[in-house]
Amino acid sequence: RVKNAVYKAPISELMREAGYPFTPDGKRGFSADKNLVGGEAEERSSANDAAIDAGDQFWAQASILATSSDVDKDSGACEEGSTLIAFVDARHSAEDTDRKPHLSAGSEGAPAPSPCVIRLTVGQMLDIAGSARQQDVPADAASQPTSEAWRKQISRLPAILRVAAAEEQDELAPTLSLAAASGLSPRHRAVFLTSCMEEEYFWTYCAPFVSSFGEAFGLEDADHDRLAAGHWMLIATVGVASTYINYVHSRYPFAQFMSLDEDLEKLSQHEDPTEAENYRRKTYQALKLRQYVRLWQEEVFNSGVDFVVCLDSDMLVVKPFDYIFEVLAQKRVDVAFTYYDGKREVPWGTAEELSTTKGEGYVRLQGGMLLMRNAIEALHWFAIWTDLTKTMLHEVESGGPQSERWEALYKEFKGPSQAALAFLLTQGQLEQMKHQEVCCSSVRRVMLEALRPGEPDVEVRMWGLPARFLNDAESTEDGRLPTSVHVVHLKGHWWRAVLPEGLEHIVVPTRSYEWNREAFELWRRHFKKFPAGDVFLDT
């Protein structure tokens, strides 16, 4: 840690961990005439006054809990002026905490009575903070939904404590939505890597995707400075005319393109639509991963952005998710993936059926999106994952010595990239994929071979995000997108059959227009922004 990253960094970090209110980076100096005898007569800055007042109110409210039966106390009754307040993590026992308690001082000159220790969870601390700052809460706060009241409470916490508090209240306000609601100012830049191959696919999926991205992140009419400071897209294209690329780029300058026509010979030449789609699913997967590695190494690694997001282009961004990068930064995550957490309801089955694989009952991974730090460790992991995916495909196609094993894993996870991800995530211990809290919902440390001979192994921190937030590809009973959805994934054979014509009559066991109406109309609205694409597809 850099010593002077913040003013009095060790003390600042200690006070943040304890949750004690203070004004960061405020320096008053040590002046006896102001800070000791007679200091009350001196003027103090309004910022410091506010911080001291907030602290006094906080501890006053905390002391009220001395008579409450809802908190953990080391003894029965607590005398006035004898309260010790200790903050504990709700996920650990009180005995495990090593936090230093705050002592509520007795009256001046009186001996301090025996302390009565009260141990508070983060949630109880928030209740105290909410009471202590009641004047900041709108008059109608009591009538607001519980999630909104929680949002107001969490917004008062220092940023470093918000994620922990969010996890404690996950059922009430899921981590991602909570982080968004807490009002974090975006401070991390990301580049979004994707691939568009063949002109029909370009107009059907890629152009609407770019349009939805610009709309959600407010980049459609952004000036040069806003574009320079915000997120941007880098799109690999194969078999797409430069006139079409230039047209889309002129409308959406944040989208930059790199033509990789050396891959033209790898495009599908099949006349049968089913054969063509099966070929694309197998061949294009490894192809685009290789494209991502190249774009990352050549265009992104030294660009100064904080995060790299690799995602399929058959997606639509529903609303921005800048805040997730703050969450990843706080958790020091190198690689984030998406998985089914068993809380997404579908009209054709149960949430449990959706969230596990059919054969072995593994936690189901959702392919098509990875969020990674723009760092050598994450790039190293991505390169290994890409090679493993290609190896798996080659072994299955060539009947190699591991073909049966890889093919079974491929079928279990319904795709080579998801299978390779599960294998790398568990480092071959696939039984761990049967337990969500082991494989996915907690940060995992994955060890990779050293970058150079003689160097230590590389540690990569991986964490799963529920797909229902950032990579939702499922139907709903009423056809509306759940409010949790930030990115919708137009994934599967049904979407390939109904788009771009916009067919509404095709029904399969897990899909229909009625079950996907809002996603369908969102695609249609963005697709209609491109008359050039409409003309191309008509001809």
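# Helix α15 and its surroundings

Analyst: Helix α15 is followed by K414, which has a positive phi, near 55 degrees. This is a predicted model, in which local features need pLDDT of at least 70 and side-chain atom pairs count only at pLDDT 80 or more, while totals for chains, interfaces and linings use all residues. Residues are numbered from 1 along each chain as its sequence is written, and side-chain values use heavy atoms, with hydrogens and water left out.

User: What makes α14 roughly perpendicular to α15?

Analyst: The axes of α14 (residues 376–398) and α15 (residues 403–413) cross at roughly 115 degrees and come within 8 Å. The label covers angles of 65 to 115 degrees (under 35 is roughly parallel, over 145 roughly antiparallel, the rest oblique), so α14 counts as roughly perpendicular to α15. The crossing of α14 past α15 is left-handed.

User: Which residues make the contact of α14 with α15?

Analyst: From α14 come L388, M392, L393, E395 and V396, and from α15 come S403, W406, E407, L409 and Y410. Contact here means heavy atoms within 4.5 Å. By class, the residues of this contact are seven nonpolar, one polar and two charged.

User: How do you know that L393 is buried?

Analyst: The relative accessible area of L393 is 9%. Buried means under 20% (over 50% is exposed, in between is partly exposed; 1.4 Å probe, protein chains only), so L393 is classed as buried. L393 is found in α14, and leaving aside residues up to four places away in sequence, L393 touches K282, A286, Y410 and P416. L393 and Y410 are 17 residues apart along the chain, and their C-alpha atoms are separated by 8.8 Å.

User: Which residues of α15 are buried, and what covers them?

Analyst: S403, W406, L409, Y410, E412 and F413 of α15 are buried. The cover includes α11 (273–300), β11 (365–373), α14 and α16 (416–426).

User: Why is α15 called roughly perpendicular to α16?

Analyst: The axes of α15 and α16 come within 8 Å and cross at roughly 105 degrees. That angle makes α15 roughly perpendicular to α16. In this contact R405, W406, L409, Y410 and F413 of α15 meet P416, Q418, A419, A422 and F423 of α16. The contact of α15 with α16 has eight nonpolar, one polar and one charged residues.

User: How many disulfides does the structure hold, and what makes C196 and C206 one of them?

Analyst: The structure holds two disulfides. In one of them, C196 is joined to C206 with an S to S distance of 2.1 Å. The criterion is a pair of cysteine sulfur atoms within 2.5 Å. The link of C196 and C206 is right-handed, with 80 degrees about the S-S bond. C196 lies in strand β5 (residues 190–197) and C206 in helix α8 (residues 199–216), so the pair ties together parts that are ten residues apart in sequence. Both C196 and C206 are buried.

User: How far apart are the sulfur atoms of C439 and C440, and is their link left-handed or right-handed?

Analyst: The sulfur atoms of C439 and C440 are 2.4 Å apart, and the two residues form a disulfide. With -90 degrees about the S-S bond, the link of C439 and C440 is left-handed. C439 and C440 are buried.

User: What makes C310 buried?

Analyst: C310 has a relative accessible area of 4%, and is therefore classed as buried.

Conventions:
Axes fitted to C-alpha atoms, helices over the stretch in contact; angles between N-to-C directions. Helix = DSSP H or I, 4+ residues; strand = E, 2+ residues; numbered from the N terminus. Left-handed = near helix turned anticlockwise from the far one by under 90°. Nonpolar A, V, L, I, M, F, W, Y, C, P; charged D, E, K, R; others polar.
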